[in-house]
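Good morning. I will take a few minutes to go through one model, starting with the overall build of a chain and ending with some charged pairs.

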Number of protein chains: 2
Amino acid sequence: MTDTLLAPPDDPNPEGARARILETASRLFYQHGLRGVGIDRIIAESGVAKMSFYRHFPAKDDLIRAYLEGRHRRWLAGFQARLAARPPELAAVVDILLAWAAEPDYRGCAFINAVAEVGEGIAGVAAIARAHKDDLQRLLAEWLAPRLGERAPMAARCAMVVVEGLIVRSQMGEGELLANDGRWLLQRVEAEFGTE
Amino acid sequence: MTDTLLAPPDDPNPEGARARILETASRLFYQHGLRGVGIDRIIAESGVAKMSFYRHFPAKDDLIRAYLEGRHRRWLAGFQARLAARPPELAAVVDILLAWAAEPDYRGCAFINAVAEVGEGIAGVAAIARAHKDDLQRLLAEWLAPRLGERAPMAARCAMVVVEGLIVRSQMGEGELLANDGRWLLQRVEAEFGTE
DNA sequence: TGCGCAATATACAGACCTGTCTACATCAAC
DNA sequence: GTTGATGTAGACAGGTCTGTATATTGCGCA
């Protein structure tokens, strides 16, 4: 299992201008925000010529969408791998989220952050973020299905509210008792939808 | 009661450069993000000269902090006024939040958004945001106290996780079943901490 | 009347940002 | 060997951003 929640890059080959640009942009965008990082910095830190950049990404917004789509795939892959390693009890979700939040460069959910920053200001961003959350909810529902049956989708929907709350509160530095509260809330969800 | 959750400005007098600047900045910063609005636009839309602006706010970051502090006071005042009008049952919180989320210019929590956008990038922003959340949690605990007694602080802490989840999910456009899920989750919290 | 203060209008400096352009190097395929 | 795709290096245009400087106006007040 990887050290970080995020699965490794699609293209592990550090050669290739496009892969290097995406890798650098992912790190910088997540850390400093979409508008907090300029093209020049991404070009400099990825060791690529400006013309190479604009050959692969006609505009900065294209890079932003590619970053979000890549992160969507990698984050979900990493999350799914960790989920699959545990029986379908929602306490596992709290463990995974809090291990993620404890990573040194943790800055919350990249998709919440992107919507919070630019809203509808960059075409496609809101749609990608929504798709990410939908896929995560679906993933949870499928994982819960063996235990909760046809009620799994409803449980996943409720769990998502708690999941978002845990992500945001840990981002705001409220790390103290999140493990207890999160575990307890999700146990309630599980109990509700697990019983007949 | 006001039409919006936000209480009216501290200085309802639209005369005075400082008040007009803050009013304009509040609207624009909330709507387009801190880095998405330039000084020039704020100056133009508030009908103020550039020198007047810099007399009141030595730098843009000072305006940003003033905006967040003002919003902190006004939002909490508006929320408290609505809470006070209802008996301390957590379903009221869901009603208030969803009425807020239904306002036409709703874009989530200004403090979550500010932290999501700039993180530690602007001095003081993270601290103001944390103070806002702490005060909100305290307010909830005090409101719940007549009903839940000494367990009110714990209930408020759990409720905050759900509150953040509801705010973020409604911001991401997931408005469908939030009322049901939110009400149900908070009823669980209430039941847990209300029984002996 | 004249002083002082707050505000206005506007020009400007210097940095940074996105995106384009030219010129050249490498290398594989046909 | 020529062609085309991919890459590097760096200058440049045009816009926007923050923040400063200059000159002027309106007004209360002594």
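What follows is a short walk through this predicted model.

Let me begin with chain A. What is it built from? Chain A has nine helices and zero strands. Read from the N terminus, the order of elements is therefore simply α-α-α-α-α-α-α-α-α.

Next, its dimensions. The C-alpha trace of chain A spans about 60 × 30 × 30 Å along its principal axes. How many residues are buried? Of the 196 residues in chain A, 51% are buried. As for contacts with a separation of 6 or more in chain A, 71% of them are between residues 24 or more positions apart.

Now the surface. Chain A exposes about 8600 Å², and 52% of that comes from carbon and sulfur atoms. On the charges, chain A carries 24 positive and 27 negative side chains. The centres of these two sets lie 3 Å apart.

That brings me to salt bridges. Over all chains, a search of the whole structure finds 22 of them.

Are the two partners buried or exposed? D181(A) is buried, at a relative accessible area of 5%. R157(B) is partly exposed, at 21%, and the cut-off for buried is under 20%.

The next pair stays within chain B. R27(B) forms a salt bridge with E45(B), and here the closest N and O atoms are 3.3 Å apart. R27(B) is in helix α1 (residues 17-32) and E45(B) is in helix α2 (residues 39-46), so the pair ties together parts that are 18 residues apart in sequence. Both count as partly exposed: R27(B) has 46% relative accessibility, and E45(B) has 39%.

The last pair is D95(B) with R183(B), a salt bridge with its closest N and O atoms 2.8 Å apart. It links distant parts of the chain, with D95(B) in helix α5 (residues 91-101) and R183(B) in helix α9 (residues 178-194), 88 residues apart. D95(B) is partly exposed at 26% relative accessible area, and R183(B) is partly exposed at 28%.

Finally, the network. In chain A, salt bridges link R27(A), R41(A) and E45(A).

That is my last slide.

Key:
Residues numbered from 1 in each chain as written. Chains lettered and ligands numbered in written order. Predicted model: local features only at pLDDT ≥ 70, side-chain atom pairs only at ≥ 80, totals over all residues. Heavy atoms only, no water. Salt bridge = Lys/Arg side-chain N within 4 Å of Asp/Glu carboxyl O. Buried < 20%, exposed > 50% of the residue type's maximum accessible area, 1.4 Å probe, protein only. Helix = DSSP H or I, 4+ residues; strand = E, 2+ residues; numbered from the N terminus. Contact = heavy atoms within 4.5 Å. Areas by Shrake-Rupley, 256 points an atom, 1.4 Å probe, with all protein chains shown as cover. Lys, Arg positive; Asp, Glu negative; His and termini not counted. Charge placed at Lys NZ, Arg CZ, Asp CG, Glu CD.
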